Amino acid sequence: MPHSATRKVVLHGHELSYADRGEGPVVLFIHGILGRQQQWSHLVDRLDDDHRVVLPDLFGHGESAKPMGDYSLSSHAATMRDLLDHLGVERVTLVGHSLGGGIAMQFFYLFPERVERLVLVSSGGLGREVNVVLRSATLPGAAQVLSVLASAPVLSQVEALGRLASKAGWRPGADIGAIWRGFSSLGDRESRRAFLSTTRAVIDIGGQSISAHDHLEGSLPVPTLIVWGSKDHMIPASHALSVAESLPECRVEMFEGAGHFPHLDDPDRFARVLRDFIASDDGSDPS
């Protein structure tokens, strides 16, 4: 029986929203901070003819609940495990973007027997450097500043400026569009609190506070693909190169000219690379 689109399940006493499409080997997509399942929706039609695609909204994001509590990588990873248990899925290919990459690595660290392959897209957890905007969210008073910046009057003014710029010929790139959609979701107190809790769980004023390098020494026992945009201004592409040096058997795909969302900048190439990676015996480039 084909699986339907958006559903909700109660996990840990709170509703988690997810999409479930297609039949075949299961691919679980995990979005990043301020993301939501819709960031992957353009890939569903490219994959769900012969893959089962599961796209959750993490707690604190999208249509999922935004409770007070633990927003650590381990907590998110445990929630993903519980979602797979609910769906009756034993093993998956994990695709994690930004924060989602950190969650995917933590999931593999905690539940290695459930991971077929690992795909890290502009992933967190691979180096200290991160954009100053995210670091500023860890400062005292950030909640008060964010409540003003994400208020309806400010958002409406920015949207008006964007419309004027569009009439003048300006076209926002994938990064600006995705970040704006995420930022505009912070209009309510619960969403802002969840954003700050999530950010502070992995970032401090100096940069990323969580590192996976201690767990990456030597080799990963599952095929691993690293995808990055060469012009990523959120997390530098040098992090991908450092992983390639420590894990020479992993496959690295650099999207030239792309930013922090290479899967949005070039979805056709991303879907092709992902399909090839899943289909290969060891994750290597078939070309």
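**Labels and the values behind them**

Mentor: Start with contacts between residues at least 6 apart in sequence: in this protein, 75% of them join residues at least 24 apart. Keep in mind that the model is predicted.

Trainee: How many helices and strands does the secondary structure have?

Mentor: It comes to 11 helices and 10 strands. The protein has 287 residues, and 51% of them are buried.

Trainee: Why is S122 called buried?

Mentor: Buried means under 20% relative accessible area. S122 has 0%, so it is buried. S122 sits in the loop between β6 (115–121) and α4 (132–136).

Trainee: What does S122 touch, leaving out residues up to four places away in sequence?

Mentor: Its partners are H97, S98, V227, W228, G229, D232, I235, G259, H260 and P262. S122 also has a positive phi of about 45°, although it is not a glycine.

Trainee: Which value is given for the phi of H12?

Mentor: Phi of H12 is near 55°, again positive in a residue other than glycine. H12 belongs to the loop between β1 (6–11) and β2 (14–21).

Trainee: Is H12 buried or exposed, and how do you know?

Mentor: Exposed means over 50%. H12 has 52% relative accessibility, so H12 counts as exposed.

Trainee: What makes S211 partly exposed?

Mentor: Partly exposed is the range between the buried and exposed cut-offs, 20% and 50%. S211 has 44% relative accessibility, so S211 falls in that range. S211 is in the loop between β8 (207–208) and β9 (224–229). Its C-alpha is 4.6 Å from that of G125, though the two are 86 residues apart in sequence.

Trainee: V222 is in the loop between β8 and β9 too. Why is V222 called buried?

Mentor: V222 has a relative accessible area of 11%, so V222 is buried. Beyond residues up to four places away in sequence, V222 touches F108, V115, E116 and L118. V222 and V115 are 107 residues apart in sequence, and their C-alpha atoms are 7.6 Å apart.

Trainee: R46 is in helix α1 (residues 41–47). What label does R46 get, and why?

Mentor: R46 has 29% relative accessibility, so it counts as partly exposed. With residues up to four places away in sequence left out, R46 touches P267, D268, A271 and R275. R46 and P267 are 221 residues apart along the chain, with C-alpha atoms separated by 9.1 Å.

Trainee: At what angle do the axes of α2 and α3 cross?

Mentor: The axes of α2 (residues 73–87) and α3 (residues 99–110) cross at roughly 70° and come within 8 Å.

Trainee: Why does that make α2 roughly perpendicular to α3?

Mentor: Angles from 65 to 115 degrees count as roughly perpendicular. The crossing of roughly 70° falls in that range, so α2 is roughly perpendicular to α3.

Trainee: Which residues of α2 and α3 meet?

Mentor: From α2, the residues are L73, S74, H76, A77, M80, R81 and L84. From α3, they are L99, G102, I103, Q106, F107 and L110. By class, this contact has 8 nonpolar, 4 polar and 1 charged residues.

Trainee: What else does F107 contact, apart from its neighbours within four places in sequence?

Mentor: Its contacts are A77, M80, R81, L84, L94, P112, R114 and V115.

Trainee: Which members of the largest nonpolar core touch the most other members?

Mentor: They are L28, I30, L83, L94, I103, F107 and F195, out of 55 residues. A second, separate core has 22 residues, including L43, V227, F270 and F277.

Trainee: Which residues in helix α7 are buried?

Mentor: In α7 (residues 174–183), they are A174, D175, G177, A178 and G182. The buried residues of α7 pack against α10 (262–265).

How values were computed. Residues are numbered from 1 along each chain as its sequence is written. This is a predicted model: local features need pLDDT of at least 70, side-chain atom pairs count only at pLDDT 80 or more; totals for chains, interfaces and linings use all residues. Side-chain values use heavy atoms; hydrogens and water are left out. A nonpolar core is a set of buried Ala, Val, Leu, Ile, Met, Phe, Trp, Tyr and Cys residues joined through side-chain atoms within 4.5 Å. Buried means under 20% relative accessible area, exposed over 50%, partly exposed in between (1.4 Å probe, protein chains only). Contact means heavy atoms within 4.5 Å. Helices (H or I, at least four residues) and strands (E, at least two) are DSSP runs, numbered from the N terminus. Axes are lines fitted to C-alpha atoms, for helices over the stretch in contact, and angles run from 0 to 180 degrees between N-to-C directions. Angles under 35 degrees count as roughly parallel, over 145 as roughly antiparallel, 65 to 115 as roughly perpendicular and the rest as oblique. Ala, Val, Leu, Ile, Met, Phe, Trp, Tyr, Cys and Pro count as nonpolar, Asp, Glu, Lys and Arg as charged, and the others, Gly among them, as polar.
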